[in-house]
Amino acid sequence: MLNKLRINSVQRSLLKQLVVTDFKLRYQGSILGYFWSLFKPLMMFGVLYVVFTYIIPTGKGVPHFPAYLLLGIVVWTFFTEATTMGLGAIVGRGDLIKKVSVSKISIVFASVLSAGINFLLNMVIVIIFMIASGVDITWIMVPLVPLLLVEVILLALGTALILSALYVKFRDFAPIWEIILQVMFYATPIIYPLTLIAAAHHKITEVISLNPMAQIMQDLRRILVTPSTLTTHDVLPVLFSYAQPIGLTIIVLVVGLLYFNKRSKYFVEEL
Amino acid sequence: MTIDKNTTMIKVENLTKQFKLPHERHSSLKSTLLNFNKRSYETFTALSDINFEVKKGEFFGIVGRNGSGKSTLLKLLAEIYTPTSGKVDVKGKLTPFIELGVGFNPELTGRENVFLNGAILGLTQKEVEEKYDQIVEFSELEKFMDQKLKNYSSGMQVRLAFSISIQAHNEILLIDEVLAVGDANFQRKCYQVFKDIKKQGKTVIFVTHDMGAVQDFCDRAMMIEDSKVVMIGKPREVAVRYEVANSSQANAGSNDGMAKSLRPQNPAVTVDSISLVGSKDETKPYRINQKDAFKIKIDYTVTEQTEIQFNLFLTNQEGRYLCGINTTESLIKFNPKKGKHTIICSYEAGQLPKGEYTPGAAVYTYCKYPSKETPILIDSFDSAYDVTLPILKIVDDPTYHSGQFNVRADWTA
């Protein structure tokens with residue numbers, strides 16, 4: 001199964017060229033260039049910070065709330081970007097697919113990868129911000145951070161594969177996915193701490209904890225921002241709380257690969 | 001390099017390709033859900049039961065009319081389409097010349113586009129790096145590689161695209177006639193390159209309408225008609241078959257009332273007839289020896305006096321214009337009165353290589369706008385119209401040696 005994830009040197013070159021091109025073109029003709037992709041989450045952070053600190057002070061009891069919020073936003077921005085770009089990847093490259101035999105999976109990989117590079121660059125900013133605000137890093141658990149990043153990247157990749165293949169046939173998935181993302185934004189503890197919900201509704205907290213994005217976000221915050229973060233492992237039975245999100249990520253990825261490979265033969269005719 | 005002529009590079013077995021053409025395209029979820037069980041599509045068979053093999057080092061032509069399935073076959077060979085049934089077995093790497101410069105981005109520089117297009121054509125980064133200098137050299141665009149592609153002329157873009165494809169240097173090339181669109185010079189260069197590739201023992205699949213090219217380059221050719229292979233054989237035989245199939249189609253068309261173009265109505269000057277002076281039977285070719293002279297006579301009627309010029313030209317039997325001569329070159333002022341007139345032009349037959357010719361004529365007047373010398377066509381009388389024209393048959397004379405043109409010379413010793 002994992003063999004399908006491994007790519008040969010030709011596919012690797014294509015992937016690299018697509019990612020590089022994407023980066024060169026994204027901020028073509030803009031003076032600030034790459035800074036816009038930093039500026040967007042920072043701006044969103046600024047607005048949300050003002051709202052949730054001064055207007056609706058949900059983050060009141062959370063130590064280092066700014067860092068807590070920024071980390072959440074950056075992780076979420078990656079997931080949104082990777083899946084939205086992935087969704088349109090095949091349709092957007094229709095010209096290519098119709099004229100040469102290219103590795104279609106590389107096109108989706110390229111979208112996720114270019115969102116991933118943005119994500120890692122944004123993470124650097126988050127880390128600088130964290131150091132500045134003197135967060136409580138649980139050093140012993142830091143080696144888990146790359147694993148969590150891999151988890152979110154694979155989750156986004158699997159989702160992007162399914163969506164890109166579906167979108168070729170059903171153009172409805174662009175608005176559908178937009179709505180789902182909006183719902184997920186509020187169903188994931190990004191702008192509010194999970195403790196806030198836990199205090200009021202235990203059932204809702206459990207449901208939210210089933211979301212792998214919630215698990216990833218809370219684990220990252222627990223390790224990097226404050227040990228007081230309520231993780232999904234505190235809400236759900238411990239073993240299940242690890243197995244469920246990881247299992248779901250693997251299922252999404254496997255289904256994505258299988259479905260994509262099955263459909264990719266027909267992309268040329270359906271585009 | 002030794003070429004093993006017996007290695008099969010491409011093997012196509014019982015290949016069938018069908019397309020499902022939906023009557024009403026279901027591109028939204030709702031309509032698909034509602035019509036889930038309805039099979040509201042038509043099956044269109046683009047290719048049915050195709051079998052052929054191409055050996056290493058062969059230059060293999062595929063001919064067929066528009067819509068016969070040539071392009072579908074090419075896309076199947078290039079693995080863009082998946083066969084509905086049957087097998088396409090391609091040994092070795094393949095470069096498709098179906099469309100040049102796929103993925104070219106106008107916002108990137110020439111250099112960046114080389115790497116992007118190379119990757120799309122299946123080259124690794126290392127391979128592109130190794131071939132980069134050759135690509136640039138071939139395209140003759142050394143000075144422009146760091147400029148954005150949008151600043152290239154279309155000719156420069158084609159050159160760059162062609163150079164990348166050609167340097168991809170794979171074992172098999174798939175060439176669509178799209179390539180033959182460029183100007184004559186570029187076409188010649190392309191063909192020269194294809195010949196060179198052939199010499200290197202690479203295998204070429206060439207799709208075209210041009211029977212001349214098929215006979216010039218191909219070792220074997222295949223004709224497709226109505227989704228089926230009708231013939232595989234020597235290029236010459238295939239070309240003949242193709243021409244026959246085409247002309248019978250064309251004749252069928254002319255019976256349906258495909259009239260020839262209409263001549264101008266009531267012009268100021270009308271050409272009534274063109275004849276060869278001395279010819280007794282206009283329906284038979286008039287034989288003229290190359291060492292003799294001949295005269296062409298134009299009868300015309302002037303209904304409105306105006307300053308005119310005649311252009312008398314010769315076409316070959318296919319109606320292609322070969323050469324023409326204007327009255328202005330020998331008659332400075334030409335302003336005939338109302339009524340019927342005759343004008344005669346004398347030629348030396350030795351100027352023409354042997355063969356059959358048909359004369360044609362056109363009358364022009366001068367327009368004072370935008371400049372005094374702008375000629376305007378009043379009437380024309382040639383093979384494009386439904387008119388009777390004489391045929392001129394030039395026969396060989398031993399003192400002339402016919403080639404592309406005649407040379408008459410005298411020796412002294």
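1. How many helices and strands are there in chain B? Chain B has eight helices and 20 strands. Helices (H or I, at least four residues) and strands (E, at least two) are DSSP runs, numbered from the N terminus.

2. This is a predicted model: local features need pLDDT of at least 70, side-chain atom pairs count only at pLDDT 80 or more, and totals for chains, interfaces and linings use all residues. Residues are numbered from 1 along each chain as its sequence is written, while chains are lettered from A and ligands numbered from 1 in the order in which they are written.

3. Confidence comes next. pLDDT is the predictor's confidence in each residue, from 0 to 100. Chain B has a mean pLDDT of 79, with 84% of its residues at 70 or more. The complex receives an ipTM of 0.81 and a pTM of 0.70 from the predictor. Take care with residues 251–261 of chain B, where pLDDT stays under 50. The model has six contacts beyond four places in sequence for that stretch. Two residues are in contact if their C-beta atoms, placed from the backbone, lie within 7 Å. Where pLDDT is low, the predicted coordinates should not be read in detail.

4. At the interface, 27 residues of chain B are in contact with 22 residues of chain A. On the chain B side, α1 (29–34) and α3 (110–120) each supply at least two residues. α3(B) gives the most, with four residues. By class, this side has 15 nonpolar, nine polar and three charged residues. Here Ala, Val, Leu, Ile, Met, Phe, Trp, Tyr, Cys and Pro count as nonpolar, Asp, Glu, Lys and Arg as charged, and the others, Gly among them, as polar.

5. Of the 413 residues of chain B, 29% count as buried. A residue is buried if 20 or more other C-beta atoms lie within 10 Å of its own, exposed if 12 or fewer, and partly exposed in between, with C-beta atoms placed from the backbone.

6. Strand β7 (residues 203–208) of chain B is mostly covered, with six of its six residues buried. T203(B), I205(B) and V207(B) lie on one side, and V204(B), F206(B) and T208(B) on the other. β7(B) runs parallel to β3 (residues 59–63) of chain B, joined by five bridges. It also pairs in the parallel sense with β6 (residues 172–175) of chain B, over four bridges. Two strands pair if DSSP finds at least two bridges between them. I205(B) is the bridge partner of F60(B) and of L174(B).

7. The largest nonpolar core has 134 residues, and L71(A), V75(A), A156(A), L174(B) and F206(B) touch the most other members. Helix α3 (residues 65–92) of chain A gives the largest share, 17 residues. Such a core is a set of buried Ala, Val, Leu, Ile, Met, Phe, Trp, Tyr and Cys residues joined through C-beta atoms within 7 Å. Beyond its neighbours within four places in sequence, V75(A) is in contact with V152(A), I216(A), M217(A) and L220(A). A second, separate core of twelve residues includes V269(B), V271(B), F310(B) and A361(B).

8. Now α12(A). The buried residues of α12(A) include P245(A), V252(A), G256(A) and F260(A). Among the elements covering the buried residues are α5 (104–132), α6 (144–169) and α10 (212–224) of chain A.

9. Y266(A) sits in the loop between α12 (238–263) and α13 (267–270) of chain A. Y266(A) counts as partly exposed because it has 15 C-beta neighbours inside 10 Å.
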